[in-house]
Amino acid sequence: MGKIQLKLSTTSPKSVEAHLLPEHNDTPPPTRKVGYLFQKNQWAVNFVGLMMGVGLIMCILFVYVYGRALFMFRGCSTVFPTKEEGSESFMNAEQTPEHPLHRWESSQYLSHQPNPERMRSYTNWVKYGSERKDCGVDCLFWEADDTLLSDEQQVLEGREPLPDPVRVQDDKQCSDISLSLRFDCLPGGTVDQTACESRGCCWLADEEVPQRKKPFPSPSLHHPSHGEPLEDIPLNIPYCFYPRDYDGYHFVNFSSDTYGNSGYLRRDTSSGYPHDIPLLKMEVFYETPTRIRVRIQDPSSPRWESPLPVISDVKLGAAVEPLYGIAVEEDDGAFVIFRRASSLPLFDTRNAAPLVYADQFLQLSTRLPSEYLYGLGEHLEGLLLDTFWKRRVLWNLDQIPEPGKNSYGSHPFYLSMEPDGNAHGVFLLNSNAMDIVLQPTPAATFRIIGGILDLYVFLGPTPNDVISQYTEVIGRPFLPPYWSLGYHQCKFGYKSLNKTKAVWQRTRDAGIPFDVQWNDIDYMEENKDFTYDLIHFRELPEFVQQLHEVGMHYVPIVDPGISASEPLHTYPPWDEGLALHVFVRNGSNMPFIGKVWNTVDTAWPDFTQPLSTYYWGRQLLRYHSWVEFDGAWIDMNEPSNFWSGSYDGCGDNNLEHPPFLPHVHGGILYYHTICMTARHYFGRHYSIHNLYGFTEAIATNKALQIIRGKRPFIISRSSFAGLGHYSGHWTGDIWSDWFNLWQSISGILNFNMFGIPMVGADICGFNGNATASLCLRWMQLGAFYPFSRNHNTDTAYDQDPVALGQDVVEASRKALEIRYHLLPYLYSLFFNAHLTGEPVARPLFFHFHKDERTYGIDTQFMWGSGLMIAPALKENVTEVKAYIPEGRWYDWYSKTIIEGKGSYKILAAPSDVIPLLIRGGTVMPVQVPAVTTTMSRKNDMGIIAALDESGHAAGEWFWDDGESLDTAENMNYTHVVFSAEPGNVSVNVTLAAYQEPANLGYFHILGVDGNVTAVYVDNKKVTFSYEDTTKVLSAVGLKKSLLVGFSISWE
């Protein structure tokens, strides 16, 4: 096959443009608003206007004669009718069609298999491509082959169908199977006895209503104002279920080798799904002592395997003394992964739903060691998952978060607690749409519509260990710039720079700590990416410079959808995308056209295409030359599509309407997104959909590294496993209500488990009007989100603190001043997350995993191991009932000792207070707060040492310039370890590569017993104070460098 390789100059930024791209004037016009900041001679403008007028008339006539406009290569596109929700054609596209199992003959059965060579090229580029930065964005590409635009429609070669299974002959195979042990044999489709029994399964139309054996340990604090409640609304208990001796796969030649085990699985009868794969290969890899991997695939034909996240290479046979073992049952194809120390089964397919492996239906089921299960997001249904007949759906969707509906992200990972307090995790690396059914066996059943089964089990044994092991596979979280830990503010609907500046100024005037100003799409010209409105936002570049001058930063929204109706040579993002062939394509090899915010229609870059990141980087670079933004907010990247599919919907085939349809909201896979048959560089959208936002985040990250030469800061709505290596996340367009205030805690904790610690919810909610009382409590809680941003919709009232009154201002200022006081501690947690993968925000059970009473707590959380946040989550309350685990704790405000007894305690929570507790045994680096992170970094540092019952404590502090690339990788930082014992706190510098002065100005040591008579810092006596009632020892006015070791002692 021939190759096309672009040779780019390392000196000329126009090297590709000169050969491949239409010429544009990249200088924004000073006064005139013409298309995309583009101005020709006046005669040319008049001529173009005349031609557009003639074209408009011709298009109207065309529509009148033929009844609708057809997409042609930019022929009458400017008058396409827009399609609004509620129109007849739109509603028809959303209706769920009938899906007979064998609807399509083999000759019509479209393949969803990938191009493996292209996938490998992309994966290698993601892994290694960013190392070359000497030629700027011109290096953001990789080698392409010349079949890019000539793919033919592929169909799957028909397999000989397997014989039908033997019907159940003996009622005893079915009658003694209890409800909790029934595994659905006929999920989806029409449930009837004939179809059930033809699969060799049991039919028992039992009307018994299941009852819980004990209450769910995490009861609802609020009912949702929108969507279904979280109470017991079980799935339909299956009438059709597998018998005990179901004839499925059985093992053939399973044996051990140097790296683990391998063998084959064979089935002889049909599963009931089209194109069963009769022979499978199973490989078991003992990758590390705490990680085992099981891959089950078709040995005769390549199948889709998610290229993301990029998995690091593992030396085969590297595991020494593994904590796990594996055993198989040859007759029924079952296997079990167990913990060696206790023989406890962790992933156990015995006596669960049998393995199914057809072309578009994979099933893998496991018994669980306990009902304490977490993860499987993104969802709006709490922290602890309910295993009482519930279902999780993983399929990225632009949908207001509500219980029971799939949402913006897909994370096929769960963490499970074991009866003895140990923890393990399970990750199924598969990007296709899936259902996960949880039932009170307890058990979990994955049902997936493509790909392979690629399973990881992490042995922990602590929850923190599990997440560290998981992020070792999917990628450690990125290290955020220091400024991004400040407070952010935005609103969809400022509508002008004047309004933006007015809200910005009143927030600053109120003395509220504030670091980052954002703009939603209303800053753009006609909602077009990489533009700004030259009338209403005319002086945006100057405003951004003003932000920089006062030590603040600016982040604009950037959607992936590119306006596809612009006249040629007026809008470079469209022109260049066409020239470089980077857009997702339809069946005619033309750009797939849908509709998002653009006035007419939309095309989407294919971020897997070899030139797409170069293309994307060009657009970001051009816009950055006008508006020097500091980060990127990538929204609508599920990808969202206001049409479901194209203007005419999508085709009638097995990809758009697969034999098994997960319980996706909207009833079709292409609901509010693009068609499943749309083409990306190495595969169909059917398999790539859940990765789309991830690929955009990678492209944006690589481009921003080059454009700014600093750490990228990106917040993405769509997510998949591994996104946290490149981007943060916010939880989307949530409702402004008390239910979502409460649920936001679970959202933040779930994403920290998913390896995305830079996460937050829209403070005060996005949709609807927040009341002052709600927003006051939400600003307090939001001050302790890892990503802290207030943002709401254009149809709601202003909800920045000043807009809602003095009480909200005072509570917001007080909470954010505490956040800024704790910035060194928070930044150190992010640094640790970058190095080890451990979460920043953590559930209580992460540190008290032997205490089962913490397993269901979703109203409190921790920053690291040292700070507990217990917010007020109900209206008109002045106290909070908080669970205090065993051990010594200290009230943040009074510094008084609270002895934890593993019970609930009432904490004071007046309107200006969010209850905070410091855990005994913690040393926290802190800093005198200022109104920006830039100013805060110049202030004195402090230490808060909270001693445990024995007088000991420990902590650490990471310090660097807060913005350079690869600080951790290049060891260009300072690391200080604090350790306390009775009478002494040691400050040990383990690395001092960053030499910017940092002085200890003060310290507070909590829990000091006895009458203190003298205090020494580096063996020099200092003035101190000691409060006998609170047992707090303090010293201020110090000027001791933290870049060299010393000790603090007292007598």
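Select P309, which sits in the loop between β8 (291–297) and β9 (324–329). Strands here are DSSP runs of E with at least two residues, helices are runs of H or I with at least four, and both are numbered from the N terminus. The peptide bond from L308 to P309 is cis, with omega near 0°. Next select P639, in the loop between β26 (632–634) and β27 (679–680). Here too the bond is cis: it joins E638 and P639, and omega is about 0°.

This is a predicted model, in which local features need pLDDT of at least 70 and side-chain atom pairs count only at pLDDT 80 or more, while totals for chains, interfaces and linings use all residues. Residues are numbered from 1 along each chain as its sequence is written, and side-chain values use heavy atoms, with hydrogens and water left out.

Zoom out to the whole chain. The secondary structure comes to 18 helices and 54 strands. Of the 1051 residues, 63% are buried. Buried means under 20% relative accessible area, exposed means over 50%, and partly exposed is in between (1.4 Å probe, protein chains only).

Now go to S343, in the loop between β10 (334–339) and β11 (344–348). S343 is not a glycine, yet its phi is positive, about 65°. Is S343 buried or exposed? With a relative accessible area of 52%, S343 is exposed. D1018 also has a positive phi, about 55°, although it is not a glycine. Look for D1018 in the loop between β49 (1015–1017) and β50 (1020–1021). Its relative accessibility is 30%, so D1018 counts as partly exposed.

Select S365 in strand β13 (residues 361–367). S365 has a relative accessible area of 1% and is therefore buried. Which side chain does the side chain of S365 make a polar contact with? The partner is the side chain of T445, at 2.8 Å. A polar contact is a pair of N or O atoms within 3.5 Å; within protein, one must be able to donate a hydrogen and the other to accept it, and residues adjacent in sequence count only if both atoms are side-chain atoms. A polar atom of the S365 side chain also lies 3.4 Å from the backbone nitrogen of A353. Leaving aside neighbours within four places in sequence, S365 is in contact (heavy atoms within 4.5 Å) with residues including F183, F347 and A444.

T531 is in the loop between β22 (516–519) and α9 (540–549). At 0% relative accessibility, T531 is buried. Its side chain reaches the backbone oxygen of K528 at 2.7 Å.

Move to helix α11 (residues 612–624). In α11, 12 of the 13 residues are buried, among them Y614, W616 and R618.

Finally, show α15 (residues 772–782) and α16 (residues 806–821), which pack at an angle of about 5° with their axes 8 Å apart. Axes are lines fitted to C-alpha atoms, for helices over the stretch in contact, and angles run from 0 to 180 degrees between N-to-C directions. That angle makes α15 roughly parallel to α16. Angles under 35 degrees count as roughly parallel, over 145 as roughly antiparallel, 65 to 115 as roughly perpendicular and the rest as oblique. Residues that meet include L776 and M779 in α15 and V808 and A811 in α16.

Definitions and conventions: Expected span 1.5 Å × (residues − 1).
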